[in-house]
Amino acid sequence: MVWPATIRLENASLVFTLDHTPKAVADLQVWQYDTFQAHFRDRTIEDAFVTFTLNPVGRIDHFTMVAVSPLADFSFDYQDLYFTPVKAAEKK
């Protein structure tokens with residue numbers, strides 16, 4: 001199953017959304033290296049670390065997410081997802 005996510009610029013900041021979950025909107029903040037912290041606007045959704053893996057030419061190959069808190073409810077749907085970029089031609 002493919003569930004799209006979007007990372008966009010909003011007011012000079014990065015914003016992440018899980019497109020199938022309207023409440024899943026998070027502001028991304030640099031954490032360290034290739035990892036950002038996603039602060040979900042709906043505070044019932046646990047914050048997450050978003051870690052990008054780059055390919056040899058420096059483009060995003062994929063990213064994954066894990067909850068910031070080790071006590072987070074395992075049912076948050078982002079924890080087991082593997083995100084890959086959509087090629088420009090596929091977006092149209």
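Among contacts in the protein chain (heavy atoms within 4.5 Å) between residues at least 6 apart in sequence, 18% join residues at least 24 apart. The model is predicted, with local features requiring pLDDT of at least 70 and side-chain atom pairs counted only at pLDDT 80 or more, whereas totals for chains, interfaces and linings use all residues. Residues are numbered from 1 along each chain as its sequence is written, and side-chain values use heavy atoms, with hydrogens and water left out.

The protein chain contains 1 helix and 7 strands (DSSP runs of H or I over at least four residues and of E over at least two, respectively, numbered from the N terminus), arranged along the sequence as β-β-β-β-β-β-β-α. Of its 92 residues, 30% are buried (under 20% relative accessible area, 1.4 Å probe, protein chains only).

Aspartate 47, located in the loop between strand 4 (35-40) and strand 5 (48-54), counts as buried because its relative accessibility is 13%. Its side chain makes polar contacts with the side chains of histidine 39 (3.2 Å) and arginine 43 (2.8 Å), a polar contact being a pair of N or O atoms within 3.5 Å, of which, within protein, one must be able to donate a hydrogen and the other to accept it, residues adjacent in sequence counting only if both atoms are side-chain atoms. Beyond its neighbours within four places in sequence, aspartate 47 is in contact with residues including Val66, Ala67, Val68 and Tyr78.

Valine 50, which lies in strand 5, likewise counts as buried, because its relative accessibility is 0%. With neighbours within four places in sequence set aside, the contacts of valine 50 include Leu28, Phe36, Phe63 and Met65.

Terms used. Buried < 20%, exposed > 50% of the residue type's maximum accessible area, 1.4 Å probe, protein only.
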